[in-house]
Amino acid sequence: MSALFNFQSLLLVILLAICTCTFVKAQAPTLLDRNKTGILGLFWKAARIGERLSPYVSLACIAMAISILLE
């Protein structure tokens, strides 16, 4: 089933995108900083969410992992 039709899979994709963008911004900040607008600006915004809300994002990742393991 596609991630668009399954809410849990959609949340998982969003969480992975936030975590990946935050990691990429930590390793190569200029890669995401030059694209703050447009479609590629979504990756910059995801990295910003991951930086500012990192405790909540990590708790959401842990909760998602537990829910997937208990399925």
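The largest pocket holds about 170 Å³ of space. A pocket here is an open set of points on a 1 Å grid over the protein atoms alone, where a 1.4 Å probe fits, with protein on both sides within 12 Å along at least five of seven lines. Its volume is the space filled by probe spheres set on the points, which are joined across faces, edges and corners. The model is predicted: local features need pLDDT of at least 70, side-chain atom pairs count only at pLDDT 80 or more, and totals for chains, interfaces and linings use all residues. Residues are numbered from 1 along each chain as its sequence is written, and side-chain values use heavy atoms, without hydrogens and water.

Lining residues have an atom within 4 Å of a point. Among them are Leu10, Ile14, Cys21, Phe43 and Lys45. Helix 1 (7-27) and helix 3 (41-52) each supply at least two lining residues. Helix 1 gives the largest share, six residues. By class, the lining has 10 nonpolar, no polar and one charged residues. Ala, Val, Leu, Ile, Met, Phe, Trp, Tyr, Cys and Pro count as nonpolar; Asp, Glu, Lys and Arg as charged; the others, Gly among them, as polar.

The chain has four helices and zero strands. Helices (H or I, at least four residues) and strands (E, at least two) are DSSP runs, numbered from the N terminus. The C-alpha trace spans about 40 × 25 × 15 Å along its principal axes. Of the 71 residues, 17% are buried, meaning under 20% relative accessible area with a 1.4 Å probe, protein chains only.

Notes:
Buried < 20%, exposed > 50% of the residue type's maximum accessible area, 1.4 Å probe, protein only.
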